Amino acid sequence: MSENKSVNRLFLAVVVIYLSVSLGFSTLTALVPALRGMSVYVSILLSQSLVFVPCFLYCKLKKIKIRQLVPYRKINFATIVLVVVCTYLMYPLVVVLNAISMLFSTGGSASVAEMIMEGQSLTLNLICVALVPACVEEFMFRGLIFQTYRKSRMLPAILLSAFLFGCMHMNLNQFVYAFALGVYLAFLVEATGSIFSSMIAHFTLNATGVLMSWLLPMLYQTAGVDQMTQIPQGGFAANMEGAELFLFLMGIAVWGVIAIGTTCGAVGVYIAICKINHRWDHVKQMFSQGTKERLVTVSLVSGMALAFAFMGFSLWLERM
């Protein structure tokens, strides 16, 4: 069996396990009221374990040495600083894509905001919401999946691994910007030759969201505003009409102009990252390499279909 087919089956297995456990736990929670009081941190760690454990077992069963497949090369301090700067320059693009997706769905962003704004510990939020997902998700998507695909064709490997990363978020709102981030994170790995760079970038974005959600309640309190009214509900932007919708679209346009400028700046910083790590020549030539082995298989399509079916079902529930 080819490596691509094997890793595609891994993706399908993760999707099936994730959806089965999530739906089963939701049903159990409805039947057992005592489970509703379970710590949000337990829920997060459970969801991340549903991704990490199958990946870890996959490596064991396939007798894969993780350090040989996943590039855990050390990176210098200058690279870390530039990765953080580059990631923040990409942030306006994330804002624009998130706003566009909010025209159709806000389920993902709303649930994350509500979870973080529950008055939980900032330190635990940074660990559970920012650090753990950054490590686990990068291990699977920029590690096992991307590192396997890139042996065949680089550009399809970047796009497909990013697409699967978006699928795994299981909601339309996060799928849109997660896909774009997946592309950026894969390019970062190639620029540094290390998955640590994508983990740092991923953590930076997650931590920024955590810090902003932690600071917002204090700002609302200072301004005398009820913070609970600020959390967007399902269909928030989709239900706008008239002047409200016009202002929202104008906001997207303004942020779009900003995003064009900052993304161009991010490209310049990215080139600097490549040169500092002596990989600029590699990046310029990486699209001419590969074995042309087929990436898409039945198991991969099945996994994507399940993910989109769940997204569609969640979107339908939002509109009810």
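# Briefing on a predicted helical model

Serine 299 lies in helix H12, which covers residues 298-319; helices here are DSSP runs (H or I, at least four residues), numbered from the N terminus. The model is a predicted one, in which local features need pLDDT of at least 70 and side-chain atom pairs count only at pLDDT 80 or more, while totals for chains, interfaces and linings use all residues. Residues are numbered from 1 along each chain as its sequence is written, and side-chain values use heavy atoms, with hydrogens and water left out.

- Serine 299 counts as buried because its relative accessibility is 11%, where buried means under 20% relative accessible area, exposed means over 50%, and partly exposed lies in between (1.4 Å probe, protein chains only).
- The side chain of serine 299 makes a polar contact of 3.1 Å with the side chain of threonine 297; a polar contact is a pair of N or O atoms within 3.5 Å, where within protein one must be able to donate a hydrogen and the other to accept it, and residues adjacent in sequence count only if both atoms are side-chain atoms.
- Leaving out residues up to four places away in sequence, serine 299 touches Lys5, Asn8, Arg9 and Leu12, contact being defined as heavy atoms within 4.5 Å.
- Phenylalanine 310 also lies in helix H12, and with a relative accessibility of 22% this phenylalanine counts as partly exposed.
- Although phenylalanine 310 and methionine 170 are 140 residues apart in sequence, their C-alpha atoms are 6.6 Å apart in space.
- Residues up to four places away in sequence again being left out, phenylalanine 310 touches Leu19, Leu23 and Met170.

**Helix H1**

- The 29 residues of H1 should span 42 Å at 1.5 Å a residue, and this agrees with its end C-alpha atoms, which are 42 Å apart; the expected span of a helix is 1.5 Å times one less than its number of residues.
- Buried residues of H1 include Asn4, Asn8, Phe11, Val14 and Tyr18, and the buried residues of this helix pack against H2, H6, H7 and H12.

**Helix H2**

- Helix H2 runs over residues 40-61, and its 22 residues should span 32 Å at 1.5 Å a residue, in agreement with the 32 Å between its end C-alpha atoms.
- H2 bends by about 30° at serine 49, the bend at a residue being the angle between axes fitted to the seven residues ending there and the seven starting there.
- Among the buried residues of H2 are Val40, Tyr41, Ile44, Leu50, Pro54 and Cys59, and just after the helix lysine 63 takes a positive phi of about 55°.
- Proline 54, which lies in helix H2, counts as buried because its relative accessibility is 13%.
- The C-alpha atoms of proline 54 and valine 14 are separated by 6.5 Å, although the two residues are 40 residues apart along the chain.
- Neighbours within four places in sequence aside, proline 54 is in contact with Leu10, Val14, Ile17 and Ser49.

**Salt bridges**

- Side chains of opposite charge can pair when their charged atoms come close. A salt bridge is a side-chain nitrogen of Lys or Arg within 4 Å of a carboxyl oxygen of Asp or Glu, and by this rule the count comes to five salt bridges.
- One of them joins the side chains of lysine 151 and glutamate 3 (2.9 Å, N to O). This pair links distant parts of the chain, 148 residues apart, with lysine 151 in the loop between helix H6 (122-149) and helix H7 (154-167) and glutamate 3 in helix H1 (residues 3-31).
- Lysine 151 counts as partly exposed at 39% relative accessibility, and glutamate 3 is partly exposed with a relative accessible area of 43%.
- The side chains of arginine 150 and glutamate 190 meet in another salt bridge (2.8 Å, N to O). Here arginine 150 is in the loop between H6 and H7 and glutamate 190 is in helix H8 (residues 172-192), 40 residues apart.
- Arginine 150 is partly exposed, with a relative accessible area of 23%, whereas glutamate 190 is buried, with a relative accessible area of 1%.
- Arginine 279 forms a salt bridge with glutamate 190, the closest N and O atoms being 3.9 Å apart. Arginine 279 is in the loop between helix H10 (242-276) and helix H11 (280-285), 89 residues from glutamate 190.

Methods: Helix = DSSP H or I, 4+ residues; strand = E, 2+ residues; numbered from the N terminus.
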